[in-house]
Amino acid sequence: MATELLFLSLFALFLRTEASFFEVRYPSVVVSAETGGNLTIAAGPNGGNIYMTPGDRGTVFIGRTDMLKLFEVVNSQPPIWGQKAPYGPLGTFLGGDVVSIQLMAIDPEGTHLRFEKVSGAFPPGVYLDKATGELNGTAPDVDATYEFGIRVIDEHGKYADQTFTIDTRERDQCKSSPCLNGGTCTDDFGTYKCQCTTKYGGKTCNIVCASQTVGVAFNVKKIPDAQMAGHYSYGSSDHKAFEGRLGSSTGWIGEGKSSWLQVDLGNLRNVQAVSTQGYSTTYTLSTFYLDCSLDGNKFTNVQTVNGTAELFNGSGKQYSTTAKQVFAVPQTCRYIRFKPNTWTGTHPGFRVEIFACEL
Ligand SMILES: [Ca+2]
Ligand SMILES: [Ca+2]
């Protein structure tokens, strides 16, 4: 021990005096420095080893490189996939099914793993959690096979790739018989379509069209003012077409039989009924015809089952009473014209609502 201290003291002395050369020889080790700055540590001639042993929480640096860390990285093994190799089918999912799959991999060194997609495509609606390796989402409603490559990477940058597949199958959305009231179901991708019988409409044929207002009425006004027009209005009167709304305090007044009040529904609809009220004791509606048009240009009259123009009833003298009239034959129309035929008082004056389903 005393000898070791002596050598260390000598070593320090050489450094303090900025020696350009020194050489320390001990029975089994040589430490030498040259003027050029090279330092040699050599084991002695008897096959000795050289050990560089850091403290419990220390390490060994060469330059700025942590050698223990470097060896850890060099020796680190890539992660190992737990799934079938080299091809991993992850399952078959019906459209709309919840997809929840944990990709399994381990690192022999036990470092934290992250996951990345390196090729292919996930099913639309399915996503990878890069931190946990979970695939989550909802299976698309199509018959398809999705193939994708996932790379699992450890904290040393070592990685392993694996290819997986997910199969999806289209679900029969008609299986639950969603169409009501005699409607016919057609399956589609992610949805279904109902072909409703005549009187019904809506996604599931749950709407009775003759009870479904389009919203002309004054307190609803789904039909904007600009979609109402009057022809041959009374004395070019102050009463505008848009006043002809059921429940309005005023109404639309026409000159006579050649006058009409038109409502543009904005799109084609399955029209099945109308309601009217008169305007006042002077301006009423007793009977009327209806014209229907797909394009606002060519109009045809709403007919009975016999093919003759159907004559509808208003409320006549009971002008404030609402008279509802259901068509004998439902019509597909965008434009509806109310054409007064008879009235009490001096002129036809009235307010309207229309009942229809969206097509
Ligand atoms: Ca590793
Ligand atoms: Ca389907």
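**View 1. Strand 15 and strand 16 pair in the antiparallel sense over five bridges.** This close-up comes from a predicted model, in which local features need pLDDT of at least 70, side-chain atom pairs count only at pLDDT 80 or more, and totals for chains, interfaces and linings use all residues. Residues are numbered from 1 along each chain as its sequence is written, chains are lettered from A and ligands numbered from 1 in the order in which they are written, and side-chain values use heavy atoms, with hydrogens and water left out. Strands here are DSSP runs (E, at least two residues), numbered from the N terminus, and two strands pair if DSSP finds at least two bridges between them. Strand 15 and strand 16 make a hairpin with two residues between them. Look in the turn for G190, whose phi is positive, at about 80°. D188 has T191 of strand 16 standing opposite.

**View 2. K193 sits in strand 16, which spans residues 191-195.** In a regular strand the side chains alternate between the two faces of the sheet. In strand 16, Y192 and C194 make up the covered face, while T191, K193 and Q195 belong to the uncovered one. Which residues does K193 touch? Leaving aside residues up to four places away in sequence, K193 touches C179, T184, C185, T186 and D188; a contact means heavy atoms within 4.5 Å.

View 3. Donors are N, O and S atoms within 2.8 Å of the metal (3.2 Å for Na, K and Ca), and since water is not among the atoms, sites may look incomplete. D141 lies in the loop between strand 12 (134-138) and strand 13 (144-153), and D188 in strand 15 (residues 184-188), so the pair ties together parts that are 47 residues apart in sequence. D141 is buried, with a relative accessible area of 8%, whereas D188 is partly exposed at 25%. Buried means under 20% relative accessible area, exposed over 50%, and partly exposed in between (1.4 Å probe, protein chains only).

**View 4. The calcium ion (ligand 1) has an irregular arrangement of six donor atoms.** The protein donors are S76 (OG), Q77 (O), D107 (OD), D107 (OD), E109 (OE) and D154 (OD), lying 2.2 to 3.0 Å from the ion. Why is the arrangement called irregular? The donor atoms subtend angles of 47 to 170°, which makes it so. The donor residues are spaced S-Q-x29-D-x1-E-x44-D in sequence. D107 is buried at 7% relative accessibility, while E109 is partly exposed at 35%.

**View 5. Three strands form an open sheet in the order 8-12-11, with antiparallel pairing.** At the edges are strand 8 (98-102) and strand 11 (126-129), each pairing on one side only. The twist averages 15° from one strand to the next; axes are lines fitted to C-alpha atoms, for helices over the stretch in contact, and angles run from 0 to 180 degrees between N-to-C directions. Strand 11 is joined to strand 12 by four bridges, and V126 has G137 of strand 12 as its bridge partner.

**View 6. Another open sheet has three strands in the order 1-2-3, paired antiparallel.** Strand 1 (22-26) and strand 3 (39-43) stand at the edges with a single partner strand each, so one side of each is left without a neighbour in the sheet. Neighbouring strands are turned by 5° against each other on average, direction ignored. Strand 2 (residues 29-33) is joined to strand 3 by five bridges, and V29 finds its bridge partner in A43.

Terms used: Four donors count as tetrahedral if all angles lie between 85 and 135 degrees; four count as square planar and six as octahedral if opposite donors are over 155 degrees apart and all others between 65 and 115; anything else is irregular.
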